[in-house]
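Subject: Structure handover

Hello,

The structure we discussed is below, with my notes after it. Please read the notes with the coordinates open.

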Amino acid sequence: MSAANDIAHSRRFWLRRNREIPSGLKIVGDVPPDLANSIDEDGSLVTVDAADWIVCFVPGLRRQWWHRFVHHRHKHVFAMRPTSTGSWLLVEPWWTRMMVTILPPADAVRFLRWGATGDILRVREAVPGKASQIRGWSNCAVLSAFLLGRSSWAWTPHGLYRQLLREKSTRRENVQQLLVDQFTKVVSHYSSNALSVSADQLSLPLRELLIIIGRNLLETMMTPSLLEVCYTAILESDRYPDATQAYAQHGPTPAIAVLTKILSKAKQDGEVDLADCEAGARQFLGMLHGNIHLEAVLQLGEIPTLSQIDLRARIAVKVFLDGAEPDETSISARGVEIIAQ
């Protein structure tokens with residue numbers, strides 16, 4: 001479920017719940033009545049559906065004296081969860097604190113690679129949960145079990161691993177498939193939005209239609225989260241080729257297909273004269289990309305503004321349809337300047 005869907009679901013539940021508030025309000029201490037009377041059946045101010053966590057049981061990165069007393073591959077445990085924008089939520093219990101942060105895709109892959117040195121499980125969290133805060137010593141295994149809402153007396157990562165593995169809903173995961181799934185979901189979402197064209201727009205002249213699509217594609221390409229996914233796909237192409245292929249399959253490929261269809265129709269209507277409409281689509285997409293996309297992926301320059309994106313789309317369409325030759329208006333204007341001089 002996407003973040004937008006989560007928010008919409010929460011709003012619907014909030015509206016329904018507020019309609020069910022009894023006339024007699026409860027007042028708890030200094031808590032405002034509207035808060036005290038808006039909690040759900042689990043005692044929470046917000047209602048969120050249970051989510052899957054990617055739980056990684058890993059060997060240590062540095063040798064510790066206590067490593068000899070625990071499983072050789074399960075000396076530590078942490079949990080991750082992909083977001084709808086390509087980033088990952090990381091929850092890693094340290095000795096000194098609980099680290100909770102959002103990781104860009106490239107950094108998330110480093111943690112997933114660490115997870116691959118041990119075992120990776122997909123586990124559904126329990127809501128509201130059956131864990132307890134009176135466990136005592138809170139090491140990484142205890143805190144991870146608490147995160148998942150599990151009633152557990154396991155003190156070691158391997159003990160928690162064995163407990164979770166006994167659950168029927170638990171699934172083993174591998175890094176490449178996790179990346180394929182996330183790249184497919186994120187890139188497909190952005191691609192479908194960029195290529196969505198209304199019936200009214202399809203009836204526009206080819207030049208105007210290509211400007212709209214070109215502008216939409218450029219704006220989408222420059223989305224920071226999508227740039228991070230693209231960078232990760234390039235960076236990990238040797239290690240996880242299927243993930244890189246998923247990015248290409250759900251990114252440039254659909255764009256080329258849509259452009260090919262539009263150019264084919266324009267050819268039938270006599271608006272363009274192309275021997276190969278697919279080759280023309282690839283050429284137009286390449287003109288849009290230029291070096292601006294690569295520079296953005298590698299963070300070599302500033303992200304172009306909307307006005308710069310619009311100008312680039314218009315120039316690409318003009319050059320694609322008219323070629324590099326100046327039009328008659330430009331030639332006439334230049335002739336007038338020469339005569340005036």
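Contact here means heavy atoms within 4.5 Å. The model is a predicted one, and the notes below should be read as such.

Helix packing

By that criterion, Phe 183, Val 186, Val 187 and Tyr 190 of α6 touch Ser 225, Leu 226, Val 229, Thr 232 and Ala 233 of α9. Sorted by type, the residues of this contact are seven nonpolar, two polar and no charged. Helix α6 covers residues 175-195 and helix α9 covers residues 224-235. Their axes lie 11 Å apart, and the packing angle is about 135°. Angles over 145 degrees would count as roughly antiparallel and those from 65 to 115 as roughly perpendicular, so α6 and α9 are oblique to each other. The crossing of α6 past α9 is left-handed.

Backbone points

Two places in loops may be worth a look while you have the model open.

Pro 128 sits in the loop that runs between β5 (119-124) and α4 (140-147).

The other is Gln 299, a residue other than glycine with a positive phi, near 55°. Gln 299 belongs to the loop between α13 (292-297) and α14 (306-322). Is the residue buried or exposed? Gln 299 has a relative accessible area of 71%, and because the cut-off for exposed is over 50%, Gln 299 counts as exposed.

Regards

Methods. Residues are numbered from 1 along each chain as its sequence is written. This is a predicted model: local features need pLDDT of at least 70, side-chain atom pairs count only at pLDDT 80 or more; totals for chains, interfaces and linings use all residues. Side-chain values use heavy atoms; hydrogens and water are left out. Helices (H or I, at least four residues) and strands (E, at least two) are DSSP runs, numbered from the N terminus. Buried means under 20% relative accessible area, exposed over 50%, partly exposed in between (1.4 Å probe, protein chains only). Axes are lines fitted to C-alpha atoms, for helices over the stretch in contact, and angles run from 0 to 180 degrees between N-to-C directions. Angles under 35 degrees count as roughly parallel, over 145 as roughly antiparallel, 65 to 115 as roughly perpendicular and the rest as oblique. A crossing is left-handed if the near helix is turned anticlockwise from the far one by less than a right angle, and right-handed if clockwise. Ala, Val, Leu, Ile, Met, Phe, Trp, Tyr, Cys and Pro count as nonpolar, Asp, Glu, Lys and Arg as charged, and the others, Gly among them, as polar.
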